[in-house]
Amino acid sequence: MTTSAGLVAALSGSTPQVIALADGVYDLPGGQHFVDANGSAIYAQHVGAAVLTAGLEVGGNWSQGGAVVRGLSFDITDPSKTFQNAALDVWGAAGQNLQVLDSTFDGNWVVGAGIQAYQPLGLDAERLQISHFTDAGLFVSDNVPVAYGASTPAATVISDISVDGVSRPTPGSSNGTAEAGLWIGQPVIDGVHRIKVRNVSISGIE
């Protein structure tokens, strides 16, 4: 795959696709972002050389999930090109069992979150570099209260994550509601390992 239009077309099909992105920049007009609602796998042919300057939404109500995002570089300067103000937003059945691997995320101090996983079930997040966001580097929570001891969706593993820079324009102005490097509100079956967080204005790990 070599063009943004080609990527949009591949993602809009009715069945999951395996998509390899050639080196280059993949962009969309303001107010638009890429959408994977069918559990497609998106790989960079060369790690870090396929650059998305519009965000990616992995979400939908009907897919069985299992999407893969691997080797991509997100570099977003226009928040209107995101869904829910995140470089990668994850929700619904289509967001289950997502793998996010070997990727980088730069919000250029204008995007809220690097990865915002409102669907945490089965999330596998490994070897990621996340920088320059205003609310959270990696947010993993469905934000649904449950009774003590009751079942709740669990991520699979979160490891080898580097977060450098999470702050509002006025540092600390979120009063603890944001500006966190790593924010996890779910169990993680295989644990959280090898985390590096620097230059955040409220909490390194929430």
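Let's start with strand S6, residues 56-60. S6 is mostly covered: five of its five residues are buried. Buried means under 20% relative accessible area, exposed means over 50%, and partly exposed is in between, with a 1.4 Å probe and protein chains only. Strands here are DSSP runs of E, at least two residues long, and helices are runs of H or I, at least four residues long; both are numbered from the N terminus.

A word on the source. This is a predicted model, where local features need pLDDT of at least 70, side-chain atom pairs count only at pLDDT 80 or more, and totals for chains, interfaces and linings use all residues. Residues are numbered from 1 along each chain as its sequence is written, and side-chain values use heavy atoms, with hydrogens and water left out.

Back to S6. Which residues point which way? Leu 56, Val 58 and Gly 60 point one way, while Glu 57 and Gly 59 point the other way. All of them are buried. In a regular strand the side chains alternate between the two faces of the sheet.

Now the neighbours of S6. Two strands pair if DSSP finds at least two bridges between them. Strand S3, residues 34-36, is joined to S6 by three bridges, and the two run parallel. Val 35 stands opposite Glu 57 in S6. S6 is also joined to S9, by five bridges, again parallel.

Let's walk on from S9. Strand S9 covers residues 86-92, and four bridges join S9 to S11. These strands run parallel. Ala 86 has Ala 113 as its bridge partner in S11.

How covered is S11? Strand S11, residues 113-117, is mostly covered: five of its five residues are buried. Gln 116 is buried, with a relative accessible area of 10%. What does Gln 116 touch, not counting residues up to four places away in sequence? The list is Gln 84, Ala 86, Leu 88, Asp 89, Val 90 and Phe 139. Contact here means heavy atoms within 4.5 Å.

Phe 139 takes us to the next strand. Gln 116 stands opposite Phe 139 in S13. Strand S13 is residues 136-140, and four bridges join S11 to S13, running parallel. Then S13 is joined to strand S15, residues 180-184, by four bridges, also parallel. Leu 138 stands opposite Leu 182 in S15. Leu 182 has a partner in S17 as well: Ile 205. S15 and strand S17, residues 203-205, pair in the parallel sense over two bridges.

Glu 179 is found in the loop between strand S14, residues 157-166, and S15. Is Glu 179 buried or exposed? Glu 179 counts as buried, because its relative accessibility is 0%. Glu 179 and Phe 83 are 96 residues apart along the chain, and their C-alpha atoms are separated by 19 Å.

Now compare another charged residue. Arg 198 lies in strand S16, residues 192-200. Arg 198 is partly exposed, with a relative accessible area of 39%. Leaving aside neighbours within four places in sequence, Arg 198 is in contact with Val 163, Asp 164 and Gly 165. From Arg 198 to Ala 37 is 33 Å, C-alpha to C-alpha, and 161 residues in sequence.

Last, the whole chain. The chain has one helix and 17 strands. Its radius of gyration is 16 Å, close to the 17 Å that the globule rule gives for 206 residues, so the chain is as compact as a globular protein of that length. That radius is taken over C-alpha atoms, and the rule is 2.2 Å times the number of residues to the power 0.38. The C-alpha trace spans about 45 × 40 × 30 Å along its principal axes.

How many of the residues are buried? Of the 206 residues, 50% count as buried. Among contacts with a separation of 6 or more, 69% come from residues 24 or more positions apart.

Finally, charge. The mean positions of the 7 positive and 18 negative charges are 7 Å apart. Lys and Arg count as positive, Asp and Glu as negative, while His and the chain ends are not counted. Each charge is placed at NZ of Lys, CZ of Arg, CG of Asp or CD of Glu.
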